[in-house]
Amino acid sequence: VQLQAFGGGLVQTGGSLRLSCAGSGRTLGLGAMAWFRQTPGKERELVAAIMIRSSRTIYGNGVKDRFTISRDNAKKTASLQMNNLKPEDTALYYCAASQAETRLRERYRYWGQGTQVTVSS
């Protein structure tokens, strides 16, 4: 499975960005797709995950009311709509896929390249 992320950039506080993750290869049988983010010196943390079969969503701390994860199984994509962005959302964002329905980082086997999101104050 290969994942490619798109859509990072620079935005002002309160602005919006949409990240997309395109999957290719053996995507049949995947259980979940997710977005994680990481800043220097910190562990990579879950932003949002979506289960492939049920569409159940899980959100990390502090983003549930501002971010929305969605997926298009036919197009093998997962997107993250980010609204009302804050400076603390600044990070390198990674898309990931797992064969399990999980929120646990260690269960995500497939990772895309990171895309930088920078929110200016």
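The chat below goes through a predicted model, its sheet, its aromatic residues and a few single residues.

Q: What kind of model is this, and which pLDDT cut-offs apply?
A: The model is predicted: local features need pLDDT of at least 70, side-chain atom pairs count only at pLDDT 80 or more, and totals for chains, interfaces and linings use all residues. Residues are numbered from 1 along each chain as its sequence is written, and side-chain values use heavy atoms, with hydrogens and water left out.

Q: What is the strand order in the open sheet?
A: The order is E1-E3-E8-E7, four strands with antiparallel pairing. Strands here are DSSP runs (E, at least two residues), numbered from the N terminus. Two strands pair if DSSP finds at least two bridges between them.

Q: Which strands are at the edges?
A: Strand E1 (2-6) and strand E7 (67-72), each of which pairs on one side only. From one strand to the next, the twist averages 15 degrees. Axes for such angles are lines fitted to C-alpha atoms, for helices over the stretch in contact, and angles run from 0 to 180 degrees between N-to-C directions.

Q: How many bridges join E1 to E3?
A: Five, and the two strands run antiparallel, with E3 covering residues 17-24. Within E3, Gly23 stands opposite Leu3.

Q: Switching to rings. How many aromatic pairs are there?
A: Three, from a search of the whole structure. Rings of Phe, Tyr and Trp (its six-membered ring) pair if their centres lie within 6.5 Å; planes under 30 degrees apart count as stacked, over 60 as edge-to-face and the rest as tilted. One of the pairs is Phe36 with Tyr108, edge-to-face, at 5.3 Å centre to centre and 75 degrees between the planes.

Q: Where do Phe36 and Tyr108 lie?
A: Phe36 is in strand E4 (residues 32-38) and Tyr108 is in the loop between strand E9 (91-98) and strand E10 (110-111), so the pair ties together parts that are 72 residues apart in sequence. Both Phe36 and Tyr108 are buried. Buried means under 20% relative accessible area, exposed over 50%, and partly exposed in between (1.4 Å probe, protein chains only).

Q: And how are Tyr94 and Trp111 arranged?
A: They form an edge-to-face pair, 6.4 Å centre to centre with 80 degrees between the planes. Tyr94 sits in strand E9 and Trp111 in strand E10, so parts that are 17 residues apart in sequence are tied together. Tyr94 counts as buried because its relative accessibility is 13%, while Trp111 is partly exposed at 28%.

Q: Which residues make up the aromatic cluster?
A: Phe36, Tyr94, Tyr108 and Trp111 form one cluster.

Q: What is Arg44 doing over the ring of Tyr94?
A: The charged end of Arg44 sits over that ring, 3.7 Å from its centre. Arg44 also lies over the face of Trp111, at 4.8 Å from the ring centre. The rule is that NZ of Lys or CZ of Arg is within 6 Å of the ring centre and within 35 degrees of the ring normal.

Q: What about Arg37, buried or exposed?
A: Arg37 counts as buried, at 9% relative accessibility. Arg37 is placed in strand E4.

Q: Which side chains does the Arg37 side chain make polar contacts with?
A: The side chain of Glu45, at 2.8 Å, and the side chain of Tyr93, at 2.9 Å. A polar contact is a pair of N or O atoms within 3.5 Å; within protein, one must be able to donate a hydrogen and the other to accept it, and residues adjacent in sequence count only if both atoms are side-chain atoms.

Q: Where is Thr27, and what does it touch?
A: Thr27 is in the loop between E3 and E4. Not counting residues up to four places away in sequence, Thr27 touches Val1 and Lys76, where contact means heavy atoms within 4.5 Å. Thr27 is buried, with a relative accessible area of 16%.

Q: Which phi does Lys76 have?
A: A positive one of about 55 degrees, although Lys76 is not a glycine. Most residues other than glycine have a negative phi. Lys76 is in the loop between E7 and strand E8 (77-82) and is partly exposed at 35% relative accessible area.

Q: What is the phi of Asn84?
A: Positive, about 50 degrees, and Asn84 is not a glycine either. Asn84 lies in the loop between E8 and E9 and is partly exposed, with a relative accessible area of 42%.
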